Amino acid sequence: MKVTLLQSDIIKGNTPANLAHLDEMLSALKPGETDFIVMPEMFHCGFTFDPKAVSESGSGTAIAWLQNKAAQLNAHICGSVSYPHNDKWFNRLVVAAPDGSITTYDKHHLFTMGSEPEVYTAGNERVTITIKGVRILLQICYDLRFPVFSRYQGDYDAIVYVANWPASRREAWNILLKARAIENQCYIIGVNRVGYDETIRYSGDSVLIGPRGKIEAQTEEYKEQMVTADIDLESLTSFRSKFRVLDDRDAYTLK
């Protein structure tokens with residue numbers, strides 16, 4: 001399966017401009033050239049604590065755009081949006097398939113130190129999708145710091161993390177992505193934004209990591225870029241069967 005890491009800058013609160021810019025970046029891809037395109041957290045507006053300000057021309061427009069791009073490029077494509085539901089707001093990762101269907105995952109771990117729980121509601125469901133036989137667990141940004149929720153339970157081959165992860169904590173991002181790959185013997189797809197959001201700078205550091213912790217592909221830091229690489233399911237299956245550390249993992253039940 002081919003996965004494309006799309007590392008972009010984001011103009012705060014400007015959905016039309018951001019989607020137009022992503023159109024330009026994605027014009028470099030031909031239909032069928034990749035199977036899965038991964039964009040940053042809140043790719044259409046930047047992380048916001050004022051979701052109502054972007055809702056009217058934001059979430060719905062962004063999801064429709066994802067569906068159109070998936071059809072045009074004959075590929076799955078994902079990024080998170082600020083989404084209203086039943087008088088609540090969710091940081092929702094949306095994966096659009098070429099046939100127009102969507103799968104969603106609501107961010108489980110909300111950044112308390114940044115007051116995220118005061119605006120958004122946490123999701124409680126683990127969600128996986130399957131693309132070209134590769135099972136993928138969906139996660140968002142701060143979820144990366146909590147390995148229990150994402151622990152392998154025989155249900156995935158890769159984890160995707162979309163993020164707005166500050167450059168000031170980039171070392172944690174890089175180390176934890178490798179840790180998740182090694183401990184779960186899986187591929188890791190980590191896609192972060194670049195640029196500035198008021199006082200916060202973002203370094204990108206988007207990466208595809210293999211199950212041994214080896215970097216298979218990565219973007220240049222602090223630069224908008226797209227990189228496409230392969231997830232080798234046959235190699236992963238062989239590695240897991242020969243080096244069976246997952247058989248010794250602890251059993252637990254999440255409440």
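Start your tour by selecting Tyr152: this residue is buried, with a relative accessible area of 10%. Keep in mind as you click around that this is a predicted model. Tyr152 sits in the loop between strand 7 and strand 8. Now show what surrounds the side chain. Setting aside neighbours within four places in sequence, Tyr152 is in contact with Arg135, Asn184, Arg240, Leu246 and Arg249. For a sense of scale, draw a line from the C-alpha atom of Tyr152 to that of Ala53: the two are separated by 37 Å, and they are 99 residues apart along the chain.

Stay in that loop and pick Val148, which also lies between strand 7 (134–140) and strand 8 (158–163).

Switch to a cartoon view and look for six strands forming an open sheet, in the order 5-4-3-2-1-14, with mixed pairing. Which strands stand at the edges? They are strand 5 (102–106) and strand 14 (225–230); each has a single partner strand, so one side of each is left without a neighbour in the sheet.

Select strand 1 now. Five of its six residues are buried, so strand 1 is largely enclosed by the rest of the structure. Towards strand 14, the two run antiparallel and are joined by six bridges; look for Leu6 standing opposite Met226 of strand 14. Towards strand 2, the pairing is parallel, over three bridges. Here Thr4 stands opposite Ile37 in strand 2.

While you are in strand 3, click on His76. His76 counts as buried because its relative accessibility is 19%, and the cut-off for buried is under 20%. Which residues does His76 touch, not counting those up to four places away in sequence? They are Asp35, Phe36, Ile37, Val95, Ala96, Ala97, Pro98 and Ile131.

Now bring in the helices. Helix 1 (residues 15–26) lies across strand 1 (2–7), strand 2, strand 3 and strand 14, and runs at about 135° to strand 1. Then select helix 3 (residues 59–73), which packs on the sheet and touches strand 2, strand 3, strand 4 (88–96) and strand 5. The direction of helix 3 makes about 165° with that of strand 3.

Ser115 is in the loop between strand 5 and strand 6 (128–131). Its phi is positive, about 65°, although Ser115 is not a glycine. With 28% relative accessibility, Ser115 counts as partly exposed. Then jump to Tyr222, in the loop between strand 13 (215–218) and strand 14. Tyr222 has a phi near 60°, a positive value in a residue other than glycine, and is partly exposed, with a relative accessible area of 30%.

Terms used:
Residues numbered from 1 in each chain as written. Predicted model: local features only at pLDDT ≥ 70, side-chain atom pairs only at ≥ 80, totals over all residues. Heavy atoms only, no water. Pairing = 2+ DSSP bridges. Helix = DSSP H or I, 4+ residues; strand = E, 2+ residues; numbered from the N terminus. Contact = heavy atoms within 4.5 Å. Axes fitted to C-alpha atoms, helices over the stretch in contact; angles between N-to-C directions. Buried < 20%, exposed > 50% of the residue type's maximum accessible area, 1.4 Å probe, protein only.
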